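Biologist: Could you walk me through how to read a few features in a model like this one? I would like the general idea each time, and then the case at hand.

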Amino acid sequence: MSGPLRGVLVADFSRILAGPYATMLLADLGADVVKVEPPGGDDTRDWRPPVRDDVSTYYLAVNRNKRSLALDLTDPGDLTLAHRLADRADVLIQNFRPGALRRFGLDHDTVTARNTRLVYASISGFGDAGGADLPGYDLMVQAAAGLMSLTGDADGPPYKAGVAVFDVIAGLHAAVGILAALRHREETGRGQHVTVDLLSSALSGLVNHTSAHVAGGAAPHRMGNAHPSIVPYEPLPTADGELVVIAGNDAQFRTLCRVLGVPGLADDARFGRNADRVAHRDELRPLLVTALSRRGSADWFAELRAAGVPCSPINSVAEGVALAEGLGLEPVVTAGGVPGIRNPIGLSGTPPRYDLPPPELDEHGDQLRAWLAAS
């Protein structure tokens, strides 16, 4: 193993997305991640289509650089191996319902009584108090946290985001918490309990909208693709398609108006300052649309980009990957012949590794059982 987390053993009892995403990030950075799966495997192995070589691409997305060990926790022999793995691990991560692992002796208190250096990370949907009985599915959290009330046309129905965004955010929070706990262990010699729940991650991830409520007493609501506090900040139609156009400050708005051939708009008292543009958005938008209608989105994108005005065509996923490639970001990496999206963290001295493809179920079972049995 190589990387800044070389030598860190992670016992990964998580499944689906938030936990496996966190552990893949750690594995990319050098941690030795043992993915413990039930005999039937991680649920996402069956979330298909699409597939690659008859393997779910959902599973492939978050499980590279790991070794798989299938254990039936109701089997005494397998449970003994699970305990031995927990005793050897530096990190244990799990996303079972709160309290579910207690009957197996794999809960935080039981495991850390034997392994005081263990960083034990728990991911739940709604915490371990009043929401302990609620399953933690991302769509539930998008609905419960308020995201769906913000997504969609102003006069239309609520919509979910196109990706399990709060699972991903919770996975990131879990990884940050684990790294912080490992740093603390370096100083004290003791691990601690890292807890992350999707609802709290969601409320944190809603940033300006939750702040609008708790700090400003405002009531955020659906606005389609518009922004409550910045104008313009939305897709606008051109002669042949839509282009996202942003003026994050007054100088950018003035440049936008100049490039569009309507410099007078920047001197109009209704539009000169961002606060004025927000107040008069319904008057400004058609004036910008009229100017943009003279040319196609590709032409405007090139000209606005050259002038430093934030803008973008609305790409497909394939076009997004192609754009990253064209910008030299090298988004696609290959691990054991399986392509995936690279770890987004760049480290100059210890870059992420891509050594192992997402494992087949129990692919490393014999090797790991022999190692654990020898303890």
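**Reading helix faces, contacts and salt bridges**

Modeller: Among what covers the buried residues of α5 are α6 (147-150), α7 (165-188) and α8 (198-205). This is a predicted model, where local features need pLDDT of at least 70 and side-chain atom pairs count only at pLDDT 80 or more, while totals for chains, interfaces and linings use all residues. Residues are numbered from 1 along each chain as its sequence is written, and side-chain values use heavy atoms, with hydrogens and water left out.

Biologist: Which are the buried residues of helix α5?

Modeller: Buried means under 20% relative accessible area, exposed over 50%, and partly exposed in between (1.4 Å probe, protein chains only). Helices (H or I, at least four residues) and strands (E, at least two) are DSSP runs, numbered from the N terminus. In α5 (residues 138-145), the buried residues are Asp 138, Val 141, Gln 142 and Ala 145. Seen down the axis of α5, they fall within an arc of 105°, so they line one face of the helix; the arc is that of the directions from the helix axis to the C-beta atoms. Just after α5, Gly 146 takes a positive phi of about 110°.

Biologist: What covers the buried residues of α15?

Modeller: The cover includes β2, β5 (66-70) and α3 (76-88), where cover is judged by contact, meaning heavy atoms within 4.5 Å. Gly 365, Leu 368 and Leu 372 are buried in α15 (residues 365-373). They cover an arc of only 75° around the axis, which puts them on the same side of α15.

Biologist: Let's turn to salt bridges. How many does the count come to?

Modeller: Side chains of opposite charge can pair when their charged atoms come close. The rule asks for a side-chain nitrogen of Lys or Arg within 4 Å of a carboxyl oxygen of Asp or Glu, and by this rule the count comes to 19 salt bridges. One of them joins Lys 66 and Asp 12, with the closest N and O atoms 3.7 Å apart. That pair links distant parts of the chain, since Lys 66 is in strand β5 and Asp 12 in strand β1, 54 residues apart. Lys 66 is buried, at 0% relative accessible area, and Asp 12 is buried at 0% too.

Biologist: Is Arg 285, which pairs with Glu 234, buried or partly exposed?

Modeller: Arg 285 counts as partly exposed because its relative accessibility is 32%, whereas Glu 234 counts as buried at 13%. Their closest N and O atoms are 3.1 Å apart. There is also a network of salt bridges linking Arg 183, Glu 186 and Glu 187.

Biologist: And polar contacts: which side chains does Ser 122 meet?

Modeller: A polar contact is a pair of N or O atoms within 3.5 Å; within protein, one must be able to donate a hydrogen and the other to accept it, and residues adjacent in sequence count only if both atoms are side-chain atoms. The side chain of Ser 122 makes one with the side chain of Gln 94 at 3.0 Å and one with that of His 193 at 2.8 Å. Ser 122 sits in strand β7 (residues 119-124) and counts as buried, at 13% relative accessibility.

Biologist: Where does Ser 14 lie?

Modeller: Ser 14 is in the loop between β1 (9-12) and α1 (18-28). A polar contact of 2.5 Å joins its side chain to that of Asp 12.
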